[in-house]
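Thanks, everyone. Please bring up the model, and I will walk you through some side-chain contacts.

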Amino acid sequence: MSHGTKINISVVYPPTGDKLEDHAADRNETVGALKTRVLVAFSLTEGVDDKGQLLTFVLFHGRVPLVDPGVTIGSVAGDAGHIKFELERERHFFYYMKHKIVSPTASATGAEIKAMIKAVDPSFDLTHVLIEEGQGGHEDQAINDNQTVSLEVDATHPAKHFFSKPPTTFGAG
């Protein structure tokens, strides 16, 4: 059942316990506009900090990161009259094709990265070889399922980009 053009929202920032409550938010407000409003309310700023770490934040609805700033709150909430969000500092993420994937940990194994990809792209084939795109003159590198990869993003460690390809066998036949 729709509740008109307004919706009740709650946003919490767990590290400090800061909360924002809005009992008359516009369902047509975008995630990007809400994030900007929340950052101002919590006195947070995105950018590179004094230690060279990239500080970015992302709103989560449940465990789902809301990374498209153009999505409306109403489309996320559906028919609900109240929606809860969490704001998290985003320091660990990577890209797979068009997807930006936020990781809860600073590093992950190839198998864990594949599982994170599968969660956002159900068509991803877990049997494919995961490839880290080379950056800064480095060549692409195959990532084994048990190989650990740092997903930390800061001024000296740009976000990693991955793609996949079917496994190949040479000399078979």
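Start with Lys 35. Its relative accessibility is 21%, so Lys 35 counts as partly exposed. Keep in mind that this model is predicted. Which residue does Lys 35 form a salt bridge with? The partner is Glu 46, and the closest N and O atoms are 2.9 Å apart. Lys 35 is in helix H1, while Glu 46 is in the loop between H1 and S3. That pair links distant parts of the chain, 11 residues apart. Glu 46 is partly exposed too, at 35% relative accessibility.

Now the other salt bridges. How many are there by this rule? The count comes to four. Look at Arg 37. Arg 37 forms a salt bridge with Asp 22, with 2.9 Å between the closest N and O atoms. Arg 37 lies in helix H1 and Asp 22 in strand S2, residues 18-26, so this pair ties together parts that are 15 residues apart in sequence. Arg 37 also forms a salt bridge with Glu 29, and there the closest N and O atoms are 2.9 Å apart.

Are these residues buried or exposed? Arg 37 is partly exposed, with a relative accessible area of 29%. Asp 22 is at 17%, and under 20% means buried, so Asp 22 counts as buried. Glu 29, at 15% relative accessibility, is buried as well. Shared partners join Asp 22, Glu 29 and Arg 37 into one network of salt bridges.

Next, the rings. The structure holds five aromatic pairs. Take Tyr 13 and Phe 42. Their ring centres are 6.3 Å apart and their planes are at 25°; under 30 degrees counts as stacked, so this pair is stacked. Tyr 13 lies in strand S1, residues 6-13. Phe 42 lies in the loop between helix H1 and strand S3. So the pair ties together parts that are 29 residues apart in sequence. Both residues are buried.

Tyr 13 has another partner, Phe 57. This aromatic pair is edge-to-face, with 5.9 Å centre to centre and 70° between the planes. Phe 57 lies in strand S4, residues 54-61, and Tyr 13 in strand S1, so the pair ties together parts that are 44 residues apart in sequence. Tyr 13 has a relative accessible area of 8%. Phe 57 counts as buried at 4%. Ring pairs link Tyr 13, Phe 42 and Phe 57 into a cluster.

One last contact. What sits over the ring of Phe 93? The charged end of Lys 100 does, 4.3 Å from the ring centre.

Notes:
Residues are numbered from 1 along each chain as its sequence is written. This is a predicted model: local features need pLDDT of at least 70, side-chain atom pairs count only at pLDDT 80 or more; totals for chains, interfaces and linings use all residues. Side-chain values use heavy atoms; hydrogens and water are left out. Rings of Phe, Tyr and Trp (its six-membered ring) pair if their centres lie within 6.5 Å; planes under 30 degrees apart count as stacked, over 60 as edge-to-face and the rest as tilted. Helices (H or I, at least four residues) and strands (E, at least two) are DSSP runs, numbered from the N terminus. Buried means under 20% relative accessible area, exposed over 50%, partly exposed in between (1.4 Å probe, protein chains only). A charge sits over a ring if NZ of Lys or CZ of Arg is within 6 Å of the ring centre and within 35 degrees of the ring normal. A salt bridge is a side-chain nitrogen of Lys or Arg within 4 Å of a carboxyl oxygen of Asp or Glu.
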